[in-house]
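Student: I would like to take a close look at a single part of this model, and then see how the rest of the chain is arranged around that part.

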Amino acid sequence: MKKQPQQHNSRDCQEPRPHVAPSAGGGPGQGGAWRRRRPLSLLPFLSLRDYGFCMAALLLFCLGSLFYQLNGGPPHFLLDLRHYLGNSTYLDDHGPPPRKVLPFPSQVVYNRVGKCGSRTVVLLLRILSERHGFNLVTSDIHNKTRLTKNEQMELIKNISTAEQPYLFTRHVHFLNFSRFGGEQPVYINIIRDPVNRFLSNYFFRRFGDWRGEQNHMIRTPTMRQEERYLDINVCILENYPECSNPRLFYIIPYFCGQHPRCREPGEWALERAKLNVNENFLLVGILEELEDVLLLLERFLPHYFKDVLSIYKNPEHRKLGNLTVTVKKTIPSPEAIQILYQRMRYEYEFYYYVKEQFHLLKRKFGLKSHSSEPPPKPEFFIPSPLETEEPIDDEEQDDEKWLEDIYKR
């Protein structure tokens, strides 16, 4: 009689199990199996493998969504999280490094005009590059200023891949980087009085400078003796090729460019050279006022030219600079000089234009237009350009804004 109630209570305890599908055996040993299959009771149509695949797919979806949103997705809280963690992504860390953008002109080209003080400036640049840590890229090619299209592309490619900040220098006519899909660099240059430049080049080709004198080096060994000692007056008055056009049309092509018409003396090349000076050159100075050129270069490009004037005035550098002076120069007759001037009228029109623009720059930055007297030179029968007026105080306050506008060209 006592055992019957206990059996009745046992059956009552097992009655809450009707929602579980009965097993084939139905014995009490099936309870463990029932507990193991309990999670699948919520998904009666999925096996354990299917359930694993679903969870893996869901996890991949969540990770992919998170990765997408961290790389620019719209949710605001994820953008805040990305801002907190930083903008670095997997591609940033494992892809090519981003190009370094410097807050100043980091690509400068000095396509130096021959016999316009360029060797003096290059000596300064070698010192400055070591002091300020910029990349000075020079070329050993001195007698190839005009390039074919393929040569232009190759040179522009080589220049553009140089480590920045760089300053590239070579005797080469103006190169239009944008024509070949490159980024246009900042150009600088220096020119001088065209007749003086011609005379310096004429005697340098024959006798070199003081460095060659000290080393007993013969300039242009292949030159015939009768050509080497050809009197400058004879060369000019008798219209030798070296003393007539197109040889005398020398400065303008450095600013006009590589177009074939840039080699032809005329208005087209002159106007194109002026346009390039305005649009692509940060500064074109004149050698007769070299100290002021260096002052402006230091103002415009301090990361390249800081302290350049103090270096230039250093006695040791002066000693080196004096060795680049051409030797055995003689002064042509007034008649010969007048003929040269007539043949170089486009060169002089360009020189006066550049000189006027240079004086305007000096005026804007408060520099007077006086210059130290150049070495003795012949009296030219040429009207002198007007001297620059005294600086106006009102314009000095806009110097920095004007300089920023130049950098944005």
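Student: Which residues does Phe 350 touch, not counting residues up to four places away in sequence?

Tutor: A word on the source comes before the answer. This is a predicted model, in which local features need pLDDT of at least 70 and side-chain atom pairs count only at pLDDT 80 or more, while totals for chains, interfaces and linings use all residues. Residues are numbered from 1 along each chain as its sequence is written, and side-chain values use heavy atoms, with hydrogens and water left out.

Leaving aside residues up to four places away in sequence, Phe 350 touches Ile 191, Ile 251, Ile 252, Phe 255, Leu 270, Ala 273, Lys 274 and Val 277, where contact means heavy atoms within 4.5 Å. Phe 350 is also, together with Ile 191, Phe 255 and Phe 305, among the residues with the most contacts inside the largest nonpolar core, which has 85 residues. Such a core is a set of buried Ala, Val, Leu, Ile, Met, Phe, Trp, Tyr and Cys residues joined through side-chain atoms within 4.5 Å; buried means under 20% relative accessible area, exposed over 50%, and partly exposed in between, with a 1.4 Å probe and protein chains only. The largest share of this core, eight residues, is supplied by helix 19 (residues 345–364). Helices (H or I, at least four residues) and strands (E, at least two) are DSSP runs, numbered from the N terminus.

For the chain as a whole, there are 21 helices and five strands, and 40% of the 409 residues count as buried. Among contacts between residues at least 6 apart in sequence, 73% join residues at least 24 apart.

Tyr 110 stands opposite Ile 188 of strand 4. Strand 1 is also joined by four bridges to strand 3 (residues 166–169), again in parallel, and there Val 109 has Phe 168 as its bridge partner. In a regular strand the side chains alternate between the two faces of the sheet. In strand 1, Gln 107 and Val 109 point one way, Val 108 and Tyr 110 point the other way, and all are buried.

Some loops deserve a careful look at the backbone. The bond between Gln 164 and Pro 165 is a cis peptide bond with omega of about -5°, and Pro 165 lies in the loop between helix 7 (149–160) and strand 3. A cis peptide bond also leads from Asn 245 to Pro 246, with omega near 5°, and Pro 246 belongs to the loop between helix 11 (232–237) and helix 12 (253–256). The loop between helix 11 and helix 12 also holds Asn 239, whose phi is near 60°, a positive value in a residue other than glycine. Asn 239 has a relative accessible area of 43% and is therefore partly exposed. Asp 307, in the loop between helix 15 (302–305) and helix 16 (308–313), is not a glycine either, yet has a positive phi of about 70°; its relative accessibility is 29%, so Asp 307 counts as partly exposed.

Terms used:
Two strands pair if DSSP finds at least two bridges between them.
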